[in-house]
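Okay, thanks for making time, everyone.

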Amino acid sequence: MAVTLADVAARARVSAATVSRVLSGNYPVAESTRTRVLRAVDELEYVVNGPASALAAATSDLVGVLVNDIADPFFGIIAGAVQAEMGAPGGAPGRGGEKLAVICNTGGSPERELNYLTLLQRQRAAAVVLTGGAVEHPDHAAAVATKASRLAASGTRVVLCGRPPIEDATTLTFDNRGGARRLTEHLLTLGHRRIGYVAGPADRTTTRHRLEGHRAALGAAGVNGPDADEERLTVHGLYDRASGYDATLELLRRDRSLTAIVAANDTIALGVCAALRDQGLRIPEDVSVAGFDDLPFSADAVPALTTMRLPLHDAGARAGRLALGREPQPPGGVAMVRAELMARSSTAPPHG
């Protein structure tokens, strides 16, 4: 039996009018009351009635695309490709045709991510695409899985792009471990043994997987023995240029003999290069630098940045087609997006 507005009011111990005011957002309501109403809505899985066209079908023509930071080229490329698929011809609106893509910028906030998922369920979204790494916290992971199950049960397609798989979702997972391993193997093949690593936030799946790949390569080469410098030569930060700059200064403070630095993404790598230059070090003559993702500026950096290419536009476009049901589901609902080594002039054999 469908949950009604009265059911929500009873659970929240307020009037139906108050529930309506909270959900419409056009009338002042005490914050404590608002919180209580939204908790009741979530617990009862109440879905707000949309326009008549949405009520006639299971879903509306809305597609939500969740990104960490739309200003980050990584997310911008994926979101743009997803959105382009929404306007591609494929049938009448509401039947696999044009959809309205709404970009939801979470700013890296787990709470905001969950809130967007709830809002999209209330709006009977046709699909939801979650992009980028997931927050590694058991409670948050369980909450996202629950939200995904509720969305799927209400007829919303859930697609993950760049995330580990969960139930009730189709997943395009990126080969972060394998790509990071191959990148570090490239440096090892050139002869590097003193390699620093600038990682992303410690609570993100992408950070952990890329760091695991890097360390697996070091281990296979026998570089990290009983007196391993793995932790000492790893600095965590945000996925931005400033973090790359600051982390490089810290790595050089810890070990001035480094001959290479691997950055968890290309934006971090820009900060690494800037810090090295400011310290009077040449790239790659003194220190080689490598990134990950092959963002548009990588080939035009000076020197051109060695990196692992992820086909972000293709992955986003495929996520969009999966969200609309225009492409068959991959076997088991999961497909791996492979990374390709782009060896450029920012890496060379160590000198001296």
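One thing before we start: this is a predicted model.

Let's begin with the second largest pocket. By class, its lining has four nonpolar, four polar and five charged residues. Helices α3, which is 31-44, α6 and α7 each supply at least two residues.

Helix α6 covers residues 110-122, helix α7 covers residues 138-153, and their axes come within 10 Å, crossing at roughly 10°. Anything under 35 degrees counts as roughly parallel, and therefore that's what we call α6 and α7. Who touches whom? On the α6 side we have P110, E113, L114, L117, T118, L120 and Q121, and they meet H140, A143, V144, K147, R150 and L151 in α7. Sorted by class, this contact has seven nonpolar, three polar and three charged residues.

Now over to the largest pocket, at about 590 Å³. It's lined by 32 residues, and N68, D69, D72, F75 and Y239 are the closest to its centre. The elements giving two or more residues to the lining are β1 (62-67), α5, α6 and α9 (205-220). The largest share comes from α5, and that's three residues. By class, we get 11 nonpolar, 13 polar and eight charged residues in this lining.

Staying with α5, which runs over residues 73-86, find A81 in that helix. Buried or exposed? Its relative accessibility is 1%, so A81 counts as buried. Skipping the neighbours within four places in sequence, A81 is in contact with H313, G316 and A317. If you'd like a sense of scale, A81 and H236 are 155 residues apart along the chain, and their C-alpha atoms are separated by 30 Å.

Last stop: T248, in helix α10, residues 241-254. This one has 0% relative accessibility, so T248 counts as buried. What surrounds T248? Again leaving out neighbours within four places in sequence, T248 is in contact with I261, V272, A275 and L276.

That's my tour. Happy to go back to any of the views.

Methods: Residues numbered from 1 in each chain as written. Predicted model: local features only at pLDDT ≥ 70, side-chain atom pairs only at ≥ 80, totals over all residues. Heavy atoms only, no water. Axes fitted to C-alpha atoms, helices over the stretch in contact; angles between N-to-C directions. Helix = DSSP H or I, 4+ residues; strand = E, 2+ residues; numbered from the N terminus. Parallel < 35°, antiparallel > 145°, perpendicular 65-115°, else oblique. Contact = heavy atoms within 4.5 Å. Nonpolar A, V, L, I, M, F, W, Y, C, P; charged D, E, K, R; others polar. Buried < 20%, exposed > 50% of the residue type's maximum accessible area, 1.4 Å probe, protein only. 1 Å grid on protein atoms, 1.4 Å probe; cavity = no way out; pocket = protein on both sides within 12 Å on 5 of 7 lines; lining within 4 Å. Points joined across faces, edges and corners; volume = space filled by probe spheres on them.
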